[in-house]
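Q: Hey, can you walk me through this one? I'd like to ask about a few spots and some helix packing.

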Amino acid sequence: MNLVVTGGAGFIGSHLVEFLVKQNQAVTVLDNLKNGNVDNLKNIRKDIEFHNIDILNYTSLQKILSKCDCVFHHAALTSVSDSLDRPKEYHEVNVSGTENILKLAKECGFKVIFASSASVYGNPEKIPIKEDATRKPLNPYGLSKLNAEDLCKKYSELGVSVMGLRYFNVYGPRQNKNYAGVITKFIDNALDAKPLLINGDGSQVRDFVFVNDVANANFLAMKSKTNHGFINIGSGVATSIKELAEMIMELSDLQFGPTYGNLMEGDIRFSQANIDLAKELLDWKPKTMLKEWLKENIKNH
Ligand SMILES: NC(=O)c1ccc[n+]([C@@H]2O[C@H](COP(=O)([O-])OP(=O)(O)OC[C@H]3O[C@@H](n4cnc5c(N)ncnc54)[C@H](O)[C@@H]3O)[C@@H](O)[C@H]2O)c1
């Protein structure tokens, strides 16, 4: 199989590339290195092909994608707060960029696994969230993922084999420091013996899923014969930000409490996945649980 990972020099993409190489697959990475880094690929650099290409450049994409079997489309702009300042740019990369991949899939016949996001749901009416819940994103980033999902649906109706995985909060090594998720920020502060900064009162709830589990879901989605539209990929477990801070403070023996700041604009209050569909259709379930991972990682520092 010839596999392509767009955004493969980024956080999730680079873990997926490593995962696919371990499965003895031929992997090509496309990334314009805007937020990614080739260092993220250093463990497997000699086993892969890398192209510094922008997904908005259709002609360059065409040359590389014409002979592939499956594209794992992860290239995107991913910061909720930046998207509030630069909504047009987010639309261009995340929506028009996705359409380029889908057009080529129609032309060349490859399968697409699209990295969607729980941000399409906005603040859900009830948790755990099922895939058929209303989609009402709270920020331009979430809206760009919703628009890209709609394009996936349109191209699926035109015969393209495409599946969207809606990731919840993905954690693990190598998150971009500028846009790092709350787990990376909390651990960095705890290891530097600085107080953890909680936005709001910490009662907001998240579903944290480990990056290798996300990579495995992509692999299973590629192999799957089903072409079901969109599937939640989360742990199925709800953790409040306050609980997360307490776990990290206890594991790192911090002798002082957290500090509290303002809630971020466009932030979701409750997020927890119902993962029954992923279990049923992909035979997938998360293998790494947050508390165990935190214990291992904080202990080994
Ligand atoms: N991290 C999460 O918790 C999370 C949750 C839901 C969905 N996702 C989605 O998963 C995917 C990967 O996210 P991530 O956290 O690894 O982000 P990331 O920023 O680490 O990776 C995105 C990669 O895309 C590349 N890129 C950006 N614009 C590009 C362009 N125009 N052409 C080519 N490459 C470009 C960046 O350089 C980067 O390497 C994204 O589509 C994101 O929306 C992530």
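Q: Where does D253 lie?
A: This is a predicted model, to start with. D253 lies in the loop that runs between α8 (241-251) and β13 (259-261).

Q: And what's phi of D253 near?
A: Phi of D253 is near 55 degrees, which is a positive value in a residue other than glycine. Most residues other than glycine have a negative phi.

Q: Is D253 buried or exposed?
A: D253 is exposed, because its relative accessible area is 58% and exposed means over 50%.

Q: What about D283, where does that lie?
A: In the loop between α9 (276-282) and α10 (290-299). Phi of D283 is near 55 degrees, again a positive value in a residue other than glycine. D283 is exposed, with a relative accessible area of 69%.

Q: OK, new topic: which peptide bond is cis?
A: The one from I127 to P128 is cis, with omega near -5 degrees. Most peptide bonds are trans. You'll find P128 in the loop between β5 (111-117) and α5.

Q: Let's do helices. How do you describe two packed helices?
A: You give the angle between their axes and the distance between the axes.

Q: So at roughly how many degrees do the axes of α4 and α5 cross?
A: Helix α4 (residues 87-108) and helix α5 (residues 140-157) have axes that cross at roughly 15 degrees and come within 9 Å. That makes α4 roughly parallel to α5, because angles under 35 degrees count as roughly parallel. The crossing of these two helices is right-handed.

Q: Which residues make that contact?
A: On α4 they include Y90, H91, N94, V95 and L102, and on α5 they include Y141, S144, A148, L151 and Y155. By class, the contact of α4 with α5 has 10 nonpolar, 5 polar and 4 charged residues.

Q: What about α1 and α7, at what angle do they cross?
A: Roughly 60 degrees, and the axes of helix α1 (residues 11-22) and helix α7 (residues 211-223) come within 9 Å. That makes α1 oblique to α7. Their crossing is right-handed. F11, I12, H15, L16, F19 and L20 of α1 make the contact, along with residues of α7 including V211, V214, A215 and F219. By class, the contact of α1 with α7 has 9 nonpolar, 4 polar and no charged residues.

Q: How many residues of α1 are buried?
A: 11 of its 12, so α1 is mostly covered. Among the buried ones are G13, S14, V17 and E18.

Q: What covers them?
A: The cover over the buried residues of α1 includes β1 (2-6), β2 (26-31), β4 (70-73), β6 (162-167), β7 (169-171) and α7.

Q: How far does α1 reach from its first C-alpha to its last?
A: 17 Å, which is close to the 16 Å expected for its 12 residues at 1.5 Å a residue. Just after α1, N24 takes a positive phi of about 60 degrees.

Q: Last one: is V209 buried or exposed?
A: V209 is buried, with a relative accessible area of 1%. Its place is in strand β10 (residues 208-210).

Q: What's V209 in contact with?
A: Leaving aside its neighbours within four places in sequence, V209 is in contact with F168, N169, V170, Y171, V214, I233, G234, S235 and W284.

Conventions: Residues numbered from 1 in each chain as written. Predicted model: local features only at pLDDT ≥ 70, side-chain atom pairs only at ≥ 80, totals over all residues. Heavy atoms only, no water. Axes fitted to C-alpha atoms, helices over the stretch in contact; angles between N-to-C directions. Helix = DSSP H or I, 4+ residues; strand = E, 2+ residues; numbered from the N terminus. Parallel < 35°, antiparallel > 145°, perpendicular 65-115°, else oblique. Left-handed = near helix turned anticlockwise from the far one by under 90°. Contact = heavy atoms within 4.5 Å. Nonpolar A, V, L, I, M, F, W, Y, C, P; charged D, E, K, R; others polar. Expected span 1.5 Å × (residues − 1). Buried < 20%, exposed > 50% of the residue type's maximum accessible area, 1.4 Å probe, protein only.
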